[in-house]
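Me: I am new to this structure. Please pick one part, look at it closely, and tell me how it connects to the rest.

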Amino acid sequence: MPETTFMGVPRSLIDWSPRIDYDKCNYCMECAKFCPHQVYEQRDGKLVVANPQNCVVFCRACGKTCGLDAITFPDKAEVTAKIKELRKGGE
Amino acid sequence: MAEAEVKVGIISCSGEDLAGGTLSRLATRKLLDERRPHHTVTICLPLFLAGGQEERMFARAFPTITVDGCEKRCAYKATERLSGKVNASIVVSDIVGKEAACGCPLATDALNEDQQRMVELIADAIEAAFDKAQGTRKAAKIVD
Amino acid sequence: MAAKFAVLPCNGLDKPAGCVAREIGLRLAERDQAALICPVLAHAAAARYEREAAALPAIVIDGCATRCASRLAAERGFKVAQKVVVSDEAKKAGRDLGDSLRLSDELSPFIDELVTALLAAAQAAPAAATTPADEGGAPGEQGGLEYDTHIKDKFIFRVPRSGFLFNENDCWLQPLGGKRARVGVTDFVQQSLSDIIYVTLPALGTEVEQFGEIGAVESAKAVFELVSPAAGRVVAVNNALLTNPEFVNENPYEKGWLAEIELTDLAADRDLLLDAAQYMEILKRKVAEFHV
Amino acid sequence: MSEENRKVIVLACSGIGKVYGLIAREAVLKVARELRPDAARTMCLALLMTDDAEAHEIINGATCITVDGCPKLCAAKNGALAGGVVAEQVRVVDLFRAYRGVNAGTATALTADGWKIVADLAGQLAEKIDALRAAGTLEEAE
């Protein structure tokens, strides 16, 4: 599979995907059902972020499905700054 | 540029006044959903009048098969008149008989086993027309 | 000579500032053959000025902070190239507009200055405010914009040829001149979602970061959250979408816009935005991977 | 004017691409065949797109309720174009705002929830037909 990019930066260098707080998660799987990009998987009854690279950079839509607020995302400003930096480096 | 594969268009009459309308719809969806899902497209017939230029181009952009419930052949006539040349015209009453096609309109959950078999038979006929349409027409470029 | 601008003054009759706004409008129309837009008629008959709204960059003149003309311009889809609030300008210039609703001769030089400044600024407005006519094309069927298209099966994906910036999250930004810009989704979003049945507008006054959430559109298939192409403060929203969410399907770039923001620093955000040609490449890639 | 021609024509959109069109169709069939068989009738929308003289004679000046799946309004536009008097115009997508997040099924088959929406919609259509009858609209159409 060809390397995917976001704003010209290899996706693999961008740290953007959901983080699950397992103390809060009740494994309702609403987030997994919601996400069309197969970011989540259920393994042995447990919810895991199986394909973080599939996550659309800056998309946070699945977080809204979580009534328990168990899903968080990295700091947007930091990620933005990192992307800008990588773009400069790549030129 | 790679040659784009041309999909085949299937347009159903949807007749709301007779069983043939339900049968033609279901058989059309069978091709779209099960038998040739990646190689077929459809459009709602009345969009030729209610829609725009984009919709009316349909039969000129795709080799098109029409599926009609009865011998009035509304889908065929309307497509030829409003959109473009039709490659093949399937008429449900020719396949399952006038009696079955012109009975009361059916709800999709009310088909008996006979009628379900009819849907398969009609889908067979569309599929044959589909194969012919794909075989006789070399992929023309419509993209870009 | 054909009009180069549309002029929309508030025409406020009950305040001196409104009367000044009206006078500015009249003088602009005289000096530059601008098309005068009657705000009362524009309000009463939505379709009356559709052509002007689509084809001409607009100069909007508000008398007071109520900004009726600006609101009307947004509602009617005018492409605002320049705007001014008379009471603000009077304050800056240290002018007392008085109590009379009849214009005094003393105000005439002040009005002339504003007219001159507005014309100069409007003529120097950024490309976003230029009309398709200026770019050598006639206004299209969809309104004033010209589109490049990409076709996949029976789906047509359009990208406005100029005046818009995009992010890779399929949202657009249309600078309106000044610090204002509109935000919305692209054809890729509305085609993928199919019939949009619900639109969530951001709250007025919300501060949004670049790539922050700015509203959502929803169909039976999925919810799509808008990722703001630029940082700013939400100053207007397209309330028409609450009753007519299908406007986003019909034209996501014009009547389907979601919000208007006052930009924080577009120059800084520009780095991570795409122009029409760049976005078209992204869109084609996504369309190729996309199964309806 | 015959009894048949005094009936309200409930015109569905023939939508075949999405679930909305199927819901429109099923609701129209339900109201014409089950709920108000004496007061409502269906017509093939496709037939109105041909030059069939008989069909045009029936719809010309007749009171119609159009039921469209999506905002493209195929039934309302084609019904009016053929000479029908569209007394009520219904859009299934509008209904869905009250059923947010509900999986109604596909263009081929409805889920139990989808059939529930059909039942609701058919009920609404029956009420509209009753109202049109009570207002005497149908007699005037003669």
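Reply: A residue is buried if 20 or more other C-beta atoms, placed from the backbone, lie within 10 Å of its own, exposed if 12 or fewer do, and partly exposed in between. Helices (H or I, at least four residues) and strands (E, at least two) are DSSP runs, numbered from the N terminus. The model is predicted: local features need pLDDT of at least 70, side-chain atom pairs count only at pLDDT 80 or more, and totals for chains, interfaces and linings use all residues. Residues are numbered from 1 along each chain as its sequence is written, while chains are lettered from A and ligands numbered from 1 in the order in which they are written.

Start with a helix in chain C. Helix 4 of chain C spans residues 68-75, and its buried residues include C:Ala69, C:Ser70, C:Leu72, C:Ala73 and C:Ala74. C:Gly77 follows helix 4 of chain C, and its phi is positive, near 75°.

Chain C also meets chain D. Six residues of chain C contact eight residues of chain D. On the chain C side, three of the residues are nonpolar, one is polar and two are charged. Ala, Val, Leu, Ile, Met, Phe, Trp, Tyr, Cys and Pro count as nonpolar, Asp, Glu, Lys and Arg as charged, and the others, Gly among them, as polar.

Chain D has seven helices and four strands. From the N terminus on, they run β-α-β-α-α-β-α-β-α-α-α. Of the 142 residues in chain D, 54% are buried. Among its contacts with a separation of 6 or more, 64% join residues 24 or more positions apart.

The four strands of chain D form an open sheet in the order 2-1-3-4, with parallel pairing. Two strands pair if DSSP finds at least two bridges between them. Strand 2 (40-42) and strand 4 (85-91) of chain D stand at the edges; each has a single partner strand, so one side of each lacks a neighbour in the sheet. On average, neighbouring strands are turned by 25° against each other, direction ignored. Axes are lines fitted to C-alpha atoms, for helices over the stretch in contact, and angles run from 0 to 180 degrees between N-to-C directions.

Strand 3 (residues 63-68) and strand 4 of chain D pair in parallel over six bridges. There, D:Val67 has D:Val90 in strand 4 of chain D as its bridge partner. Helix 4 of chain D packs on the sheet and touches strand 1 (8-12), strand 3 and strand 4 of chain D. Its direction makes about 150° with that of strand 3 of chain D. Helix 6 (residues 112-134) of chain D packs on the sheet too, touching strands 1, 2, 3 and 4 of chain D, at about 160° to the direction of strand 3 of chain D.

Next comes the contact with chain B. It takes 31 residues from chain D and 28 residues from chain B. On the chain D side, helix 1 (19-35), helix 2 (45-48) and helix 4 (74-81) give two or more residues each. Helix 1 of chain D gives the most, with six. The chain D side divides into 18 nonpolar, eight polar and five charged residues.

A nonpolar core is a set of buried Ala, Val, Leu, Ile, Met, Phe, Trp, Tyr and Cys residues joined through C-beta atoms within 7 Å. The largest one has 197 residues. Which residues touch the most other members? They are B:Ile126, C:Ala58, C:Ile59, D:Val10, D:Ile23 and D:Val67. Helix 1 of chain D gives the most to this core, with 10 residues.

B:Ile126 touches, among others, B:Ile65 and B:Val67. Both lie on strand 3 of chain B and point one way, while B:Thr64, B:Thr66 and B:Asp68 point the other way. Five of the five residues of that strand (residues 64-68) are buried, so the rest of the structure largely encloses it. Strand 3 of chain B runs parallel to strand 1 (residues 8-12) of chain B, joined by four bridges. It also pairs in parallel with strand 4 (residues 88-91) of chain B, over four bridges.

Definitions and conventions
Contact = placed C-beta atoms within 7 Å. Lists of a residue's contacts leave out its neighbours within four places in sequence.
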